[in-house]
Amino acid sequence: MAIHNINGFPFVTYTKESYDEQEMIKRSAAFYEWMNTRRTVRDFSDKPVPKEVIDNLIMTASTAPSGAHKQPWTFCAVSNAEIKKQIRKAAEEEEYESYNGRMPEEWLADLLPLQTDWHKEFLEVAPWLIIVFKRIYEPGDDGKKKNNYYVQESVGLAAGFLLAAIHNAGLVALTHTPSPMNFLTDILKRPAHEKPFLLIPVGYPMDECLVPQLERKPLEDVATYFE
Ligand code: IYR
């Protein structure tokens, strides 16, 4: 591959397969229909998922764009039963407080259609927990902090890629946000520059898994065109 030099920085030629308009319409519609079959699941089977699959999911997530290409994320993948148990215990303690006082009535009412509560059995049942950490900064060799940029946006994008990869593998996930999440820093012994972002159990759905019947907003409600 030819390396070009632009102001002293290496660039390579990017070639991308493109499609004629008919094919593009077909592909974009098919991708939408398939993505539209993704659902958040709370009832997991304990059936194991090979580590190699998790490796691939994380590598896919890590292809996301990021501010100044700093890739400000760390993924912790937990299958260890003892650690999952610790995570469940700590999450349930926080969630109990949230559901019994910390969350205002309006929030609790908004969650009723999902029928969630403070019990988080899935944290032990799902074969893998992927905990996404955002890297607020990078510790430099000289002890100085090196900046990351648009960390929230970048890690959000990586998490989106991760969910799409999980769906593509035929697995399911839950984007879980126990609050506060500091216990993950302690249990997983993460350094100060990493902050927990999302906790994503990954696995197969339980047999006869029920999910809330929900509608997605139609195009007119989510998009405005200026042509
Ligand atoms: N973190 C809590 C509450 C919760 C909040 C929202 I917003 C949800 O969409 C779902 C749950 C929990 O995980 O139960």
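Helices (H or I, at least four residues) and strands (E, at least two) are DSSP runs here, numbered from the N terminus. The model is a predicted one, so local features need pLDDT of at least 70 and side-chain atom pairs count only at pLDDT 80 or more, while totals for chains, interfaces and linings use all residues. Residues are numbered from 1 along each chain as its sequence is written, and side-chain values use heavy atoms, with hydrogens and water left out.

Staying with α6, its buried residues are V151, S154, V155, A158, A159, L162, L163, A165, I166 and H167. Buried stands for under 20% relative accessible area, exposed for over 50%, and partly exposed for anything in between (1.4 Å probe, protein chains only). Those buried α6 residues pack against α1 (21–35), α2, β3, β4, β7 (172–173) and β8, where contact is heavy atoms within 4.5 Å. Just after the helix, G170 takes a positive phi of about 85 degrees.

Next comes the interior. In soluble globular proteins, nonpolar side chains tend to be buried together. A nonpolar core is defined as a set of buried Ala, Val, Leu, Ile, Met, Phe, Trp, Tyr and Cys residues joined through side-chain atoms within 4.5 Å. The largest such core has 25 residues, and I54, F75, V132, L162, I166, I200 and V202 have the most contacts inside it. Two or more residues each are supplied by α2 (51–61), β3 (73–78), β4 (128–135), α6 (151–168) and β8 (194–203). The largest share, eight residues, is from α6. As for I54, once neighbours within four places in sequence are set aside, its contacts are V49, A77, W128, I130 and V202. Apart from this core lies another, of 21 residues, including V78, A90, V172 and I187.

Out on the surface, M1, I3 and V12 make up a nonpolar patch with about 370 Å² of accessible area together. Areas come from the Shrake-Rupley method with a 1.4 Å probe, and for residues only the protein chains shown count as cover. Patches are built from residues with over 30% relative accessible area and no salt bridge, like charges being joined within 9 Å and nonpolar side chains (Val, Leu, Ile, Met, Phe, Trp, Tyr) within 5 Å. V12 sits in strand β2 (residues 9–12) and counts as partly exposed because its relative accessibility is 44%.

On the charged side, the structure holds 11 salt bridges, each a side-chain nitrogen of Lys or Arg within 4 Å of a carboxyl oxygen of Asp or Glu. In helix α1, K26 and E23 are three residues apart, about one turn, and their side chains meet at 3.7 Å, N to O. K26 is exposed at 57% relative accessibility, whereas E23 is partly exposed at 27%. D55 and K51 are four residues apart in α2, so about one helical turn separates them; their closest N and O atoms are 3.2 Å apart. Helix α3 (residues 81–102) holds K89 and E93, also four residues apart, with a salt bridge whose closest N and O atoms are 3.2 Å apart. Finally, salt bridges that share partners tie R135, E138, R190 and E194 into one network.
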